[in-house]
Amino acid sequence: MEFSEENVREQMESLANGIVSALNKTDPVHSRELLSQFVSELFLSVTKQALREERRKKQAEGIARAKARGVRFGSRQKPLPENFEEARRSWRGGETSLKEAAKLCGMPTTTFYDAVRRAEESEPGENEEEVPRC
């Protein structure tokens, strides 16, 4: 089914005619009252949707501005343990398993693996002052 503007308008007109017809058949005495209530709810729904979209747009703009200023989101990372490099080399060299290396550092295996990945992604000369964190 194609969603052209004309097609959507025809579908809305057909839907409106169906609703009016159903209201007249169901409760002819109160049909106008029910129809006005429906239109009010429809208007409120459209207004709420527009407000949600505007709020999301403003949030996205605010997040983009904060990131441009260098704001970091999420919880602060803890410094890696002193034996991290030794455990990482031991694991990469095949001397210990991932689980054993993580246990040596007192870290969950997923945290250890993520710290290894981050440490290996950063080049030694890029950020010499920055300490890898878990």
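Guide: Before we start, a term: buried means under 20% relative accessible area, exposed over 50%, and partly exposed in between, with a 1.4 Å probe and protein chains only. This is a predicted model, where local features need pLDDT of at least 70, side-chain atom pairs count only at pLDDT 80 or more, and totals for chains, interfaces and linings use all residues. Residues are numbered from 1 along each chain as its sequence is written, and side-chain values use heavy atoms, with hydrogens and water left out.

Visitor: How many helices and strands are there in the protein?

Guide: The protein has 5 helices and 0 strands. Helices (H or I, at least four residues) and strands (E, at least two) are DSSP runs, numbered from the N terminus.

Visitor: Which residues of α5 are buried?

Guide: F112, A115, V116 and A119. They cover an arc of only 100 degrees around the axis, so they lie on the same side of α5. The arc is that of the directions from the helix axis to the C-beta atoms.

Visitor: Why would residues three or four places apart point the same way?

Guide: Because an α-helix has 3.6 residues a turn.

Visitor: And which exposed residues are on the face turned away from the buried side of α5?

Guide: T110 and E121 are carried there.

Visitor: What covers the buried residues of α5?

Guide: The cover includes α3 (84–92) and α4 (98–105).

Visitor: New topic. Where is L42, and how exposed is L42?

Guide: L42 sits in helix α2, residues 31–69. Its relative accessible area is 46%, so L42 counts as partly exposed.

Visitor: What share of the protein's residues is buried?

Guide: Buried residues are 13% of the 134 in the protein.

Definitions and conventions: Contact = heavy atoms within 4.5 Å.
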